[in-house]
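Please look over the structure shown here before reading the briefing that follows, which is arranged by topic.

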Amino acid sequence: MSDRYEVQPYVLARSAQQWRDQAARARTAGDRLADAPTAGFAPRVASAASSWTATWGRTVRTVASGADTVGEELLAAASAYGTVDQAAHDRFDTWLDGAP
Amino acid sequence: MTTIPVPAEVGAILEVEGDPGVVRTFVDDLLASAVNVDDLDTFARDSATLEGWSGAAADAYGRHVRGAAADADAVSAAVRRVARAADEYAQTLTTLQAQRSTLEDRRASYHGARADLLADIRATTDADAAAVRELEDRAVALGTQRQTLVEDVDRLGRAVTEAEQLVLDALQSFSTLDKARAAVTGGLDLADVALARPGSPASGGSPEEVAAWWAGLSEDEQLAVLAAHPEVVGSADGIPAAVRDRANRLLLETDLDALELREERGEILPADDRAALENGRAARAALAAGAQEVDPLTGEQMVPLLHLYDARAFGGDGRVAIAFGDPDTADHVSVMVPGLTSNGTKAEGNAEAAFHIYESARYSDPGSTVASIMWIGYDAPSDTDSLTVLQEGRAIEGGERLARYVEGLRASREGGPAHLTVVGHSYGSTTTAHAASDHGLAADDIVLVGSPGAGGEVDHASDLGVGADHVWSGNNSHDVVAMLADNGWVGGGTFNGVGMGNDVAEDDFGANRFQAESTTRGTGWDPTADHTKYFDQDTESIFNIGQIVVGDYDEVLRAEHTYDPWWWDPIDPERDREPRAIEREGPDR
């Protein structure tokens, strides 16, 4: 843990939404890539092109899932900061409740 | 007995398998995918640090996100490289299929000549030496013909194999993410390098400089810029129309995909995204409707070009231009500049108007080629800012954009310059006049229809810089918007910044006035109806615009000017003339 940190939870929430949007676009790109028509190539190229589009369609979908995960982790981080803040708040409340 | 050796037949020529059109669809799909992945790369780099978040977790996030950006960059590079190879393959395939067709013709011709020779030999029973020599000579010539043909067939086979191998090599070179990472590691981004060169649109190059910059890029660089920055390529004046179309269609497709996906999952889109979605849908509908049109003389299906597309420009009003015909090669090019209410959502109606101009010009000169563009490239008064129509501000700003756009059309030409006409309608006529009077619009002819005026600083047609005899006015006598222009001997141009200047149909203005009355003039409940009939089929107006666009000035139906006697209100002689419908004839009508 670093000595200093700063967090504005809404920044994380907003960025999480943007990551999800990017993930959705990347997923569309993956689907488009996987479905790209290879029938226009000569047969010996077409089969290689089909397996290439299948591979890269999967790769791009994996990249999309990665982007989704970033969004989820940002939300989880925002939630974690909230939990820590609440814990600190509770601790102070407990202490102050017992104060004379 | 004499034996004459006749060369053998030539075996069947191998098929050049494949369909270049389908390969191009493959390429477009790959490029659209690359655009999305490139966007992810840019987004990830830009959000590696978030303002308002720092500390150990933020650092870890940043490290991860930079890695994700690098991967997206590698994916994009791989997809672009394969797209490039496939694009080249499609071009080569087209050439090779044409070559094969020629070889088939040559083979048939060879077999015909061979059959003739055999028949002549068989028919010869007691030939003299000269006749035998003639048959031998023909056999030798056939042998040479066969030899050349066989060599060319072999060459075709090798070329086919080579073209296929190039694609296979590209697929193999970028078969995995690891290979793609290795290929881009430490390397400079081709697109960024290209955009950093002098003359690029990013460097603020003039249309001529942009045209030279684009022509100077390698094909790899061109494709890299196209996929990484379609928004730059699609809007850059000076870049060839076909390239702009490709870039703008990529943008349109990826924009709509993203926005419609969000809509489908029930998200309430913010106003700017909603406006972009509506503009995108309008552009898509305009392109689809345009593709249903056919050339009136050849009957060939039209392929409209998306020459400009920016769905988010001007606070959501958007920019869009659609062309019928190829502006880079057509003999005659026209640019129609619409006015009040024109924004991205009005793409379809304005594209239809541009097609009617195309159609009319084709009828007017069947022997020449034509391109007709509708250009919504300025922030025309529309929706909530409609009242700005009363002032010239948007026309002044739009005039500068229009002049640059037309300069770009000149710069991207292949071969000689086109005869170029700018047709301004309504507020667009004021914009056109400002482009001409303020920025030296590079047009040959200027047509002003439904015009409320050419601007307060323009007193006479000769002020527009193309010569008064090349300025054409088409205001009809029932057009209430045209009536807003300043008429007569007491006119003051504009008053306190309100108004668009002198009536361009008046005798004092000095433009050629042409007939533009409608057979339905003054009918119906809408008092502004006659303001929107200038581009309708079978009208005097569209007939005359067609003649002007092809430079056939003698055929333009002239109208008497409006005049303003000192003792009375302005008088328009066209009010007393009986309008007529002008039907054109061609295979399509």
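A:Glu6 stands opposite B:Ser54 in S1(B), and two bridges join S1(A) to strand S1 (residues 53–54) of chain B, the two strands running antiparallel. Strands here are DSSP runs of type E with at least two residues, helices are runs of type H or I with at least four residues, and both are numbered from the N terminus; two strands pair if DSSP finds at least two bridges between them. This is a predicted model, in which local features need pLDDT of at least 70 and side-chain atom pairs count only at pLDDT 80 or more, whereas totals for chains, interfaces and linings use all residues. Residues are numbered from 1 along each chain as its sequence is written, while chains are lettered from A and ligands numbered from 1 in the order in which they are written.

**Contact between the chains**

- The contact takes 42 residues from chain A and 44 residues from chain B, where two residues are in contact if their C-beta atoms, placed from the backbone, lie within 7 Å.
- On the side of chain A that touches chain B, the elements giving two or more residues are strand S1 (6–7), helix H1 (9–35) and helix H2 (43–97) of chain A, and H2(A) gives the most, with 15 residues.

**Strand S3 of chain B**

- Six of the six residues of strand S3 (residues 319–324) of chain B are buried, so this strand is largely enclosed by the rest of the structure; buried means that 20 or more other C-beta atoms, placed from the backbone, lie within 10 Å of the residue's own.
- B:Arg319, B:Ala321 and B:Ala323 point one way from S3(B), whereas B:Val320, B:Ile322 and B:Phe324 point the other way.
- S3(B) is joined by five bridges to strand S2 (residues 305–310) of chain B, antiparallel to it, and B:Leu306 has B:Ile322 as its bridge partner.
- Five bridges also join S3(B) to strand S5 (residues 370–376) of chain B, again antiparallel, with B:Ala323 opposite B:Ile373.

Terms used
Buried ≥ 20, exposed ≤ 12 C-beta atoms within 10 Å, placed from the backbone.
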